[in-house]
Amino acid sequence: TSGAIGADGGSLPAEIPLCAGCNQHIVDRFILKVLDRHWHSKCLKCSDCQTQLAEKCFSRGDGVYCKEDFFKRFGTKCAACQQGIPPTQVVRRAQDFVYHLHCFACIVCKRAKQLETLKNAYNNSPKPARHVREQLSSETGLDMRVVQVWFQNRRAKEKRLKKDAGRQRWGQYFRNMKRSRGTSKSDKDSIQEEGPDSDAEVSF
């Protein structure tokens with residue numbers, strides 16, 4: 001029986017398998033078979049990093065992965081950053097938790113360092129560009145959204161503090177004005193009270 005049309009215009013036998021990667025018939029000398037699916041050797045690539053998989057591969061669902069990316073996705077997760085830990089990496093263990101070496105740190109110290117980094121960046125620019133926020137996210141280990149919200153809250157706090165300071169200045173100004181008016185009225189009343197006494201002394 002005849003099947004699809006080949007590149008040279010001739011028909012291809014129906015039993016020639018289709019590549020799961022490019023959906024084209026495989027007429028190469030070598031055919032790779034993974035999970036009951038056939039592949040051109042050039043089409044069998046890691047779903048994440050696109051590295052060609054020549055010797056060994058790992059699969060989950062419809063995805064095919066290299067060893068490194070498979071364990072990043074589906075392997076043990078770091079208790080701090082929640083990212084997968086490749087089996088080749090050295091880790092730290094504490095009780096039932098596993099950490100990347102760079103993630104294993106005192107939480108209080110880490111948060112203090114994160115806050116210091118964000119404050120320094122805020123002093124340089126209260127509204128950092130996206131690439132700056134990406135860099136801060138990488139440096140602090142915080143999600144991009146968390147960094148963005150921190151800057152928004154910081155700007156709102158600064159605005160509120162300036163507004164409160166302005167109210168306090170105006171309040172103090174009006175209190176001083178009221179006190180000044182009260183003092184002037186008191187002095188005027190005192191002068192009026194002294195007037196008759198002065199006249200009396202003159203009449204004697």
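**Cores and contacts in a predicted model**

Modeller: Cys46 first. Beyond its neighbours within four places in sequence, Cys46 is in contact with Thr51, Leu53, Val64, Tyr65, Cys66 and Asp69. Keep in mind that this is a predicted model.

Biologist: Which residues make up the largest nonpolar core?

Modeller: Nine residues: Val34, Trp39, Leu44, Cys46, Leu53, Val64, Tyr65, Cys66 and Phe70. Leu53, Val64, Tyr65 and Cys66 are also among the contacts of Cys46.

Biologist: And what does the second core include?

Modeller: That one is separate and has seven residues. Among them are Ala121, Leu136, Val147 and Trp150.

Biologist: Now Ser137. Where is it?

Modeller: Ser137 sits in helix α3, which covers residues 130-140.

Biologist: Is Ser137 buried or exposed?

Modeller: Buried, because its relative accessibility is 15% and the cut-off for buried is under 20%.

Biologist: What does Ser137 touch?

Modeller: Leaving out residues up to four places away in sequence, Ser137 touches Leu142, Asp143, Met144 and Val147. Val147 belongs to the second core.

Biologist: Zoom out. How many helices and strands?

Modeller: Four helices and eight strands. Along the sequence the pattern reads β-β-β-β-β-β-α-β-β-α-α-α.

Biologist: What share of the residues is buried?

Modeller: 20% of the 204 residues.

Biologist: What about contacts between residues 24 or more positions apart?

Modeller: They account for 15% of the contacts with a separation of 6 or more.

Methods:
Residues numbered from 1 in each chain as written. Predicted model: local features only at pLDDT ≥ 70, side-chain atom pairs only at ≥ 80, totals over all residues. Heavy atoms only, no water. Helix = DSSP H or I, 4+ residues; strand = E, 2+ residues; numbered from the N terminus. Buried < 20%, exposed > 50% of the residue type's maximum accessible area, 1.4 Å probe, protein only. Contact = heavy atoms within 4.5 Å. Core = buried A, V, L, I, M, F, W, Y, C linked by side-chain atoms within 4.5 Å.
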